[in-house]
Amino acid sequence: MRIEDICRQNEPKYRRQLACTRIHDLLESHAEAIPGAEAVVDGEVRLTYAMLAARVDHIARALIAAGIAPGDRVATMVPPSLDFWLTYLASVSIGAIWMGLNPRYQLPEYAYLLGDAAPRLIFSVPDYEGRPYCAELQSVGENVERFVSLAGEVGRAEALEQFLAAGDAVSDEQLTARRAAVDPEDIAVIVYTSGTTGKPKGAMLSHRAIMAAALTNLCWMDEGLESTISVAPINHVGALNNVCMNVFAYGGKIVFHHRVDLAAIAEITAREKLTYLVASPTSFAMMASADVPDRTRLGHYRLIVFGGGATAEALLRPVHATGVAMYNVYGQTETCGIVTATDHAASPRIMAETFGRALPGATLRIGDAAGNPQPPGTTGEIQVLGPYCMSGYFNRPEATAEAFTPDGWLRTGDLGVEHADGNFSFVGRLKEMYKSGGYNIYPVEIELALAEHASVRLAAVLPVPHPVFQEVGHAFIETDDPALDEAALREFLRTRLANYKIPKSFSFEPELPKLPNSKIDKQALKRRLEEKAAA
């Protein structure tokens with residue numbers, strides 16, 4: 001069954017949620033309709049929707065008392081936790097623009113983000129895993145007006161209790177008026193791209209776009225959204241939209257855990273009877289290699305969505321065999337996350353080869369460099385039109401103009417192909433394609449072939465200069481098999497790829513560098529190659 005048919009069947013069931021147009025509308029609706037339903041779990045803390053609404057109100061009043069105006073940026077630096085969810089919901093409810101900061105960032109990255117987004121206020125944990133985050137942010141955030149420490153005063157950061165107390169002076173009428181003034185087209189969130197090319201840009205996501213994505217996903221994901229675990233960095237669209245907003249739209253339970261720990265996730269999954277899992281090729285590889293008892297058993301999960309790149313069929317088969325409903329999805333920061341899905345009950349082969357069709361309300365096409373649509377079977381740029389698309393890049397009018405075609409389609413920068421049956425396949429990043437001896441080479445095709453090898457956990461292919469062929473591939477391999485070597489992989493690839501696609505050199509490592517969103521950091525690998533060439 002196609003996703004659009006599932007949505008059509010379920011729309012009457014979710015009439016209450018579909019009437020909401022702004023993010024806070026959902027919280028108000030849930031607090032009235034299902035006040036006693038569990039909304040959030042974080043360690044020993046468990047909140048119902050009524051309790052969640054009360055805490056969000058408390059922070060929203062304090063933000064108003066602090067002078068936060070519509071359009072002002074409010075940042076939060078915490079691991080995945082209740083504090084993230086509260087500050088996000090409170091900020092967007094009064095028209096402020098929220099942004100998340102990642103604990104894995106270093107000082108230069110914080111300095112860039114704070115300088116670019118210019119938040120007026122930052123919520124931060126005082127420290128986490130030995131790093132004094134609140135002090136670090138103050139050292140690079142000279143122009144930030146206020147810092148709020150979530151546990152006691154730190155430097156010029158006031159304690160949360162003191163900050164909240166000032167909100168008691170804000171009346172119900174003031175709070176209601178601020179919320180009523182929020183327009184669905186107002187920007188709710190700035191999510192910075194992962195920076196695989198150049199400096200990160202802040203994608204501006206409106207209430208309209210975030211709600212359109214969440215409510216559409218609600219209709220096709222249905223009761224699979226009863227509960228989930230959130231372990232991804234809070235600055236990533238996957239954590240905010242694909243995980244939390246989808247379950248929030250349902251009125252389900254979000255369980256926060258501060259890091260990716262497969263043993264802990266397995267225990268939480270069983271204890272909380274979780275139903276919804278968002279995965280990636282990286283996480284499937286981790287699941288396949290982790291020493292976790294009964295890892296093939298997925299407890300109460302009823303729905304798994306995965307994306308973040310093409311996924312080898314060999315990684316999908318064991319999970320598919322459990323009988324849990326699975327969907328390959330496609331999306332990016334600029335589309336508020338998920339914008340396509342494979343059909344219900346698609347086979348592992350179909351899910352490995354395609355990412356399905358556009359969700360209802362959106363349209364996908366393959367376009368050329370000028371933005372002209374291309375026929376099925378043609379490789380070109382994946383372009384998106386629909387309500388899920390960003391409003392533009394923060395303070396980047398030129399980049400915003402470049403991101404859209406003249407007729408208004410979002411340029412994803414991803415290469416794909418549309419098949420005769422309407423499904424789309426991911427070919428690679430537009431800027432990752434290289435030419436070798438006159439042939440176009442798409443690294444993702446080689447990476448997928450390498451991932452089929454039993455000893456390869458992850459693979460990344462990058463071009464390196466060659467005196468005869470201009471460029472050839474170099475493959476970085478993540479493996480724990482000391483016996484794996486170049487000769488074995490070349491022989492393995494020989495029956496899977498044309499000879500000109502087989503990498504000419506290989507590197508073997510126990511772990512490849514990752515971006516905060518868990519994708520392989522190809523910029524870091526590129527720097528390694530450049531340093532090696534210069535040596």
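The radius of gyration I quote is taken over C-alpha atoms, and the globule rule is 2.2 Å times the number of residues to the power 0.38. For 535 residues that rule puts a compact globule near 24 Å; the protein chain has 23 Å, which agrees.

Some ground rules. This is a predicted model, where local features need pLDDT of at least 70, side-chain atom pairs count only at pLDDT 80 or more, and totals for chains, interfaces and linings use all residues. Residues are numbered from 1 along each chain as its sequence is written, and side-chain values use heavy atoms, with hydrogens and water left out.

Overall, the C-alpha trace spans about 75 × 55 × 55 Å along its principal axes. The protein chain holds 19 helices and 26 strands, taken as DSSP runs: H or I of at least four residues for helices, E of at least two for strands, numbered from the N terminus.

Now the interior. Of the 535 residues, 57% are buried, meaning under 20% relative accessible area with a 1.4 Å probe, protein chains only. A nonpolar core here is a set of buried Ala, Val, Leu, Ile, Met, Phe, Trp, Tyr and Cys residues joined through side-chain atoms within 4.5 Å. The largest has 125 residues, and Leu52, Trp85, Tyr88 and Trp220 touch the most other members. Helix H10, residues 207-221, gives the most to this core, with 11 residues. A second, separate core of 21 residues includes Phe284, Ile304, Met326 and Ala346.

Back to Trp85. Beyond its neighbours within four places in sequence, its contacts (heavy atoms within 4.5 Å) include Val40, Leu52, Leu240, Phe248 and Phe256.

Key. Buried < 20%, exposed > 50% of the residue type's maximum accessible area, 1.4 Å probe, protein only.
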